[in-house]
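Trainee: Could you take me through one part of this model up close? I'd like to hear about the aromatic rings and what surrounds them.

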Amino acid sequence: MPAFDVNAARAQRLEAQGRAWSFSLDGDTFELPTEINHRTARGLRELDDNDVDGLLGLLMGKEQFARFEEHDVTMQDIAAILEAYGKETGLGLGED
């Protein structure tokens, strides 16, 4: 039986979903990864459950998150973004 090829499986997933999931806000576009690497997952585990800024900062990166913070965003907006992100990528962030 051949060994499972992780790189081939990852390539197949990324081909199907792309490397990033994007959303727009007030004419500005932002991207979140379709796959979360192990280091980012570790960082997410260390966050307080209510640390929305920490969550988005880890997913977006510093520069993109700084642009995001310039917008007047509600918690309902963020919940809608995370819900859509979860549905389209299978990554359930911000859920109990």
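Mentor: Ring pairs tie Trp 21, Phe 23, Phe 30, Phe 65, Phe 68 and Tyr 85 together into a cluster. Rings of Phe, Tyr and Trp (its six-membered ring) pair if their centres lie within 6.5 Å; planes under 30 degrees apart are stacked, over 60 edge-to-face, and the rest tilted. Keep in mind that this is a predicted model: local features need pLDDT of at least 70, side-chain atom pairs count only at pLDDT 80 or more, and totals for chains, interfaces and linings use all residues. Numbering runs from 1 along each chain as its sequence is written, and side-chain values use heavy atoms, with hydrogens and water left out.

A search of the whole structure turns up six aromatic pairs. Trp 21 and Phe 23 make a tilted one, 5.9 Å centre to centre with 35 degrees between the planes. Phe 65 and Phe 68 are stacked, at 6.3 Å and 25 degrees; they sit three residues apart in helix H4 (residues 62-69), so about one helical turn separates them. Phe 68 is buried at 4% relative accessible area (buried means under 20%, exposed over 50%, partly exposed in between, with a 1.4 Å probe and protein chains only).

Helices (H or I, at least four residues) and strands (E, at least two) are DSSP runs, numbered from the N terminus. E1 runs antiparallel to strand E2 (residues 28-33), joined by six bridges.

Notes:
Two strands pair if DSSP finds at least two bridges between them.
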